[in-house]
Each structure stands twice: as C-alpha cells, then as structure tokens.
Amino acid sequence: MKSSEIRDKFLKFFQEKGHLVLPSSSLVPQNDPTLLLIGAGMAPLKPYFTGEKTPPHPRVATCQKCVRTPDIDKVGITARHATFFEMLGNFSFGDYFKEEAISWAWELVTQGYNIPEERLYVSIYENDDEAFAIWRDKIGLPESRIYRLGKDDNFWEIGQGPCGPCSEIYYDLGPEYGCGRPDCEVGCDCDRFLEVWNLVFTQFNKEADGSYKPLEQKNIDTGAGLERLALVLQGVSNLFEIDTVRPVLEHFASKAGVTYGRDCKKDISLRVLTEHLRGVAFMVADGIMPSNEGRGYVLRRILRRAVRHGKLLELEAPFLSEAVLLLVELMGDAYPELRKNSDYIMRVIRLEEERFKETLEQGMDILENHIAALQAGGKAVLPGEVAFKLYDTYGFPLDLTREILGESGLSVDEKAFDSSLEQQRERARGAALGTQEAGQKNVLLSFLVKGMVTQFVGYDTLSAEGEVIGIVAAGRGELLAEADLQTGEEELYLILDQSPFYSEKGGQVGDTGLITAPEGVVLVKNTLPGPGEQILHLVEIKEGRIRTGERVRALVEQKRRQDIARHHTSTHLLHRALRDLLGEHVHQAGSLVSPERLRFDFSHFTQLQAQEIARLEETVNDLLQKNLPVQTSYVKLDQALEMGAMALFDEKYGEKVRLVQIDDYSLELCGGTHVGSTGEIGVFKILSEGGVGAGMRRIEALAGDSAYRYFVHRDEILKEVSMLVKAPVEKVSEKLQEILESQKELQRRIKQLSQKLSRHQLEGILEQVDHSLGVPVLSTRVEAESMETLREYLDKLRDKLGSGIIMLGSVTNGKVFLAAAVTQDLVKKGFHAGRLIGEAARITGGGGGGRADMAQAGGKDPQKLQQALASVLSLVQEQQKQ
C-alpha cells in the first residue's frame, strides 16, 4: 500500500466516524512562542486541549507534518531515527473516550490496513485497568498480548496540567530484528517490536502538590507515524525503503556513484542526505530561513549536517537543491506548498549550500588538525573554545562538531562551549542595553510603577485630559510627588491615567509633544512602553511645576504624528507589493517607522534588481493615487487569520487583535497609527535596498513630506549640474556623456605620452647599471604613480637587461613603493628578490617580500628611499657570500 493510500485511508476512516478532517498546519507554531517547531500531531491543536479556544468540531483528524531534532546525531546512524515525519492522528475534545479510541484504532489497523492480528501487541499503563478490560473483553485480545508498562513508557505528562495514561499498538517485525534474548518482548530496547500507534487518554489534571485530579472533560489524542505504518504495509525493514523515501536515497546514491548497502559509512551519509532533504524542504516551504537564531538555526543545523555528509560522498554543492523536484514529485500532491514554492525552496537551499561550502573546508582542516593533536597527546576532549570558534567563524553547529569528533572516539567540552556562547550573548545584550546598569534600572522601574495603568486614546484624538498618576525619577529610582525646573533629573517619566501619546513599539517610534499642568508646562521628548500597562512620557520641565494627582492636558505634535502615520501605512503597502512581486515567502522581519523615513526588513534570498525596485515604487505610488481607504477594526485572532491577515510569527497576540485594512489590497495585524486613506501619503520613494544577513533584505524609503523634500533637493542638484555643464536640464545627460567621452580621449592621449616618456626614461636608466660585483645591478628611483606602473617598468627593464638584479623605488602620495626582480639565471645562483626587498623596505619603515624572481614592498618614510636604494649593492654582495 502506497503512503498516499495509507494517509487517505486513515483520514477517510475517521471522517466516516464523524471527524472533521483538517489540513496539516504549518511547521511554524501559530501564536505559541513556547514552541520552535511543530513536533507532534496535537501541537497545533493545543489551545483546544487547554480550553483557550473552542475547537471547530469535537472530533478532529489530521495528517500533520512534524520536525523534531533531539536525536539529530542518530539520524543516518540508525535506520529508524528521523527529523521529519508525518503524524496521523484522531482527536476528541470532550466527546468520545477510551472505548471508541481503542475500538476504532484496532478496526482500522486490522480491517482497514489488514495487518495480521497475530503480529500485533499492545501496551497499557500499569494501573489502567479500564484500558486493559477494553482490550481483553471488547477487542478480544488475549492477556498474553497485553503488556502493562510503567509511568516512563505509558503515561503522558509535562509538568502540571492535563495528563493521562497511554496505550500503544506494536507490530512484531520478527525475531530476526530482535536482540536474541529469551526474554525479548514489548518494552525491549531492540528493534523487533515497532510502535505504530499511540493512544493518549487525557483524563487527569496534575496538581501543584503532585496529586492527580480527574478532569470533567476527558480528551483523546492519538498519533500513528505514517512512515512506520508504511514500513509495515510495504514489507520493508526501515523507513529509508518506503515509497516516498527510497527514490530520494537512490537519487543521491546515483549522484555519488555508489550502491546503497555495500559500504557502511557511505550508507550513513546517504541516509543523512535523504532524511534531511525532507525536513529542510518542508521547513523552507513554510517560510523558515536559515539563521543563527531560533527555528532558523534548527534549519541551518540540519542543512549543514547534510552538506558535510555530501562532501564525505565527494558530491559537489549544490546537490541538495537539485533533489527538491524529486521530493515534490513524491509528496507534492499531499502537500501543495511544496509544489507551489519549489523554485523558492531550491534557491534558499542552494544559497545555504554554497555559503557553507566556502567555510566547510577551512573548518574541517582546523578540526582535523585538532583531532590529530588530541590523539597524539593521548587526550579525548576538544576544548570548548575551539568548538565555539568553529561555530562562530566557520558556521559549524555544535552537534556537527560533536558528531565528527565522535567518529574518532572523541568528545567536546560542551560546558566551555556554552560559556563562550553565553559570553558572546552577554556582549550582545550589553550593546543592546548599553550597560548592565540599564537592565537593573528596568527592574527597578517595574517595581516603582507596579499597578499603574494608562489607557491609550491616541487612535481617535491627539489631545486629551488625564490625571498624573506617577512621576518617576528613573536615574535616582524614586517616585516623586512633584517635579520642577530644579528637580535635576535626566530621566524623568510622567505617567497619566489616559494619554493620546503613542509609545514606541512594533517598529513605530514614540510620539512627542507637550503636557500642560495648572502651574507648569513639560516637553514630551519621547514616549515609551512601561514594563506593564503604562505609557511612559519622557519629559523635560519647561515652566513651573507638575504634581501627582493633577489634571493635565496632553497634546501630541500633530505634524510629526502625521508624518509617522504616512510612513507606517507605506510599510503595509510595501509589504503587500513585495509579496506580490517576489512571492509569498516574503515576511516582515523588522521595521522602523519614524517621521523622517521608514526601514523595512524582510525575508528574501537575493538582491533586488533595479527594475524590481522601480516596479515596487510604481506599485505603491499607484496605490497612493487611488486614495484607497484605510480602516481599522478589532476581531478575534482566529477570525483575523481566517480572513488572511498577515501576522508576525514570533509575536504573541491576545484573543482580540487590531486589524488594519487598506481596501481589498492589504490586511495586517497592527497596533500602530495610520493615515485615513492612501492619498494622504502623497508620494513614496525607495532610497536603498541591501542585505542585512543570510536570507534577509532591507529597504529604506521615504514617504510624504520627506519624499517631497528629497525630490526638491535632487532637483536643486540637477539644476546646479545644469549650470556647471552649461546645458538645459533636459540635456544634462547628453552633455555629461560628451564630457566623459572627451575625458576618456584625453586620458588615452596622456597615457600614450606617458609611455613615450617612460621609454625615454628607461633608456637613460639602463646607463646606471653597476657591474662592480660581477653581476649587473640596477638600483634607482623612478617616477611612477602606482605599484602597477612600477611593476611595468620593472618588467621592461628586466627584458632589456637580459641578466641582472633590479630594484626600483618611487614615492606617491607620501608612500614609498619598492619593486625588485632577479633574472632566472641569477636565481639559480642563489640570488633572491624577496629577501633583497625585505631588507631594503625595513630601512624605509616598511616591509614586504615575494618570490625569488620578483618581489614588491611598501615603506612609510620617503626620506629614507635613497638610503634604501643605495643599500642594494651591499645586500647583493651579502647574498653572493651565502
């Protein structure tokens, strides 16, 4: 039975049992910062199990793509470990329970898949008499085929919260796969008994005191590995032989010119490539980019491990990306995102392959040298600092270094590695915070403003009354009753019960403006988010005083807020335009929205071409001219995502979110401030586009007044150039072309004259050859504007001299240039240009060297050039004596 048939049969079976079949979720968890990747069938459904959300149906069935990496170092070594797999699952949220879950699982396994009952065994939790009775009495399974296992094997729990016993179905692969011990049975660590389905009965809640309280709503969470079922139903011995995997393995074997099964080491590398391609391709298809953080680093670890094993097979990168189309052919029908994004997947993988190829060889040389040194010295542990250098400089993930060392029976000092990594992170944190003191100040600030709450009213108005509920002198770590001109505090924060000032967040800078009190006026220099629900107004007292408890009027600087709004709405238009132009893999990775400009970071793997940038500009400006309405609304997160709203994967959203919708063009979750319609922006101009990291690009742009001033400034420059070249503005380009052509012609004629002059100069120089040592020696100063010119002179003089030693020197822009040559006949006699020029260069305060026949050097002291040239005869004489 094909894998596709196994998948379809499972989902159809449970659909007929009243289940809602849902498509696989993305590998990127939605609104769950506790997970890096989806690693289980129930993970995307967790909010339904915890009660945070209402499930779309009390019965659900899925085939979920999953990635797990705890055993990445075992992938390829064994034939059963994998990072990527498909998990079939049926779930009940307070509906059916043990009897139905067990009965349906047995029905599908024995009647749907026709797996012989005599090859099947089950395990239950040792105290789960209810499950035992169902298997024995309802299913009719002999007691001898039901195994009671302990808590470690058959009880699912993660800390406090919902938990419960498990029951697992095993398939007996046969004694030939066992350990040979007479007591080999279910629960043995050998490969004989293969778990194909795990049924979790979530019936308890683990309390803080360690006790187990029965749940009112009991749930079912099951997981059947598709690859394991395929292994059984296709009669093969391991997952690398099933129908969706074996063709990939054979592809790599063919590329490497090897036959699988003949060489243990080569088989390991083939399995690594085969398995890792699956995980890498699916991760990239879901928008994950290689990086040094989070899930991007998981992807990089898997991909770079594969590249290293490709090198062991003597494959030339890129080889992973070339196999993507085969994977699409095998799995693209079940997972259309593979087919839809195939070009993108190939490009991202190819880029990372080529990037690591550049450093892999250097890193391997360093590691192999350390391995040899450890073995020679009788040591077995690589210093963690070396492993960190391999990670930091050459891109070697720690588990890759660990694996390579393990192949030689060595290990790595992981504590020292972690220490080096933490030191680097501390330096980065210090740079971000400024100092450790800043972090302590934040903790103190949290304590001072605890319980204070500010209501933001700035979406609807730029002016509002509020009560001063806190005056914080952050530098001194005090709450003040009042503040005036003599307070003398650089970091003075005002907290109101309500405020129209937008605090800096989501890439948008904070508002500025004024707050007027009955007896004073304060300037708001910036607005920042507090550690809780406060808005912190960073203020400077301009007049009088301000007291806690006073009613004040807060007024946001209108022009600045409007300029910020123009840039913020422009980022939404730009984001949508980028996705339309480049593909749905484009996601926002960061932004800055200020009154002067905008910066937008996004995921993409190549530089944008000039015509692409022009199309983006044209698209956004067309949208401005259409004057599309910009509307905001509040909806539930689920509803927003169903509507297709764009969200940041790593952002934690509440149950209700704010939607910013630009007609039917753009829909994003956003808490920032925006214009009322796109026509208010006026004009949009992209200033630059460049890379800011692997797979990450950045656009800087201007909107509204900033863009207008940019064009005015450019116009002024153009008019100035027009006056300088004495041509109308519309003819400036043609006039400049004429001037440049004329300049090229002049440079050509100057070069001709210079060559004539140099020939004349060189003919005179040959008269300075010294024969006093029995070999021709020429040492002189010449006029040369560069080292390249000096070398040209050297070549010409050597050709004319035929046999001899030459040292030429020149001074250009205050720097000394030296070049030396020794003809081949004298090289054979032991003369060496590199050693000769090194001694001469030291006299001028410089250094250099080179080959025996040609060398060059530089110096710092032009006053010593003549002395250096005069030393050449004695230096040649010394080489004669050697």
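1. A charge counts as sitting over a ring if NZ of Lys or CZ of Arg is within 6 Å of the ring centre and within 35 degrees of the ring normal. Arg145 meets this over the face of Tyr121, at 4.3 Å from the ring centre. Lys505 lies over the face of Tyr502, at 4.3 Å from the ring centre.

2. On the basis of the values: this is a predicted model, in which local features need pLDDT of at least 70 and side-chain atom pairs count only at pLDDT 80 or more, while totals for chains, interfaces and linings use all residues. Residues are numbered from 1 along each chain as its sequence is written, and side-chain values use heavy atoms, with hydrogens and water left out.

3. Helices (H or I, at least four residues) and strands (E, at least two) are DSSP runs, numbered from the N terminus. Helix 3 covers residues 98-112 and has 15 residues. From its first C-alpha to its last it reaches 20 Å, close to the 21 Å expected; the expected span is 1.5 Å times one less than the number of residues. Asn114, with a positive phi near 55°, follows helix 3.

4. Helix 3 is mostly covered, with 11 of its 15 residues buried. Buried means under 20% relative accessible area, exposed over 50%, and partly exposed in between (1.4 Å probe, protein chains only). Among the buried residues are Lys98, Trp104, Trp106 and Gly112.

5. The structure holds 27 aromatic pairs. Rings of Phe, Tyr and Trp (its six-membered ring) pair if their centres lie within 6.5 Å; planes under 30 degrees apart count as stacked, over 60 as edge-to-face and the rest as tilted. Phe49 and Phe91 have ring centres 6.2 Å apart and planes at 75°, so this pair is edge-to-face. It links distant parts of the chain, with Phe49 in helix 2 (residues 46-50) and Phe91 in strand 3 (residues 84-93), 42 residues apart. Phe49 is buried at 13% relative accessibility, and Phe91 is buried at 0%.

6. Trp106 and Trp135 also form an edge-to-face pair, 5.7 Å centre to centre with 80° between the planes. Trp106 belongs to helix 3 and Trp135 to helix 4 (residues 129-139), 29 residues apart. Trp106 is buried at 7% relative accessibility, as is Trp135 at 0%. Elsewhere, Phe10, Phe13, Phe14 and Trp197 form one aromatic cluster.

7. Four strands form an open sheet in the order 22-23-28-27, with antiparallel pairing; two strands pair if DSSP finds at least two bridges between them. Strand 22 (588-593) and strand 27 (684-693) stand at the edges with a single partner strand each, so one side of each has no neighbour in the sheet. Strand 27 and strand 28 (residues 696-703) pair over eight bridges. Ile686 has Ala701 in strand 28 as its bridge partner.

8. Helix 17 (residues 558-582) lies across strands 22, 23, 27 and 28, at about 25° to strand 23. Helix 20 (residues 705-725) packs on the sheet, touching strand 27 and strand 28, and makes about 80° with strand 28. Contact means heavy atoms within 4.5 Å; axes are lines fitted to C-alpha atoms, for helices over the stretch in contact, and angles run from 0 to 180 degrees between N-to-C directions.

9. Asp663 has a positive phi near 50°, and lies in the loop between strand 25 (656-662) and strand 26 (666-669). Its relative accessible area is 30%, so Asp663 is partly exposed. Lys726, not a glycine either, has a positive phi of about 55°. Lys726 is in the loop between helix 20 and helix 21 (732-765) and is exposed at 73% relative accessible area.
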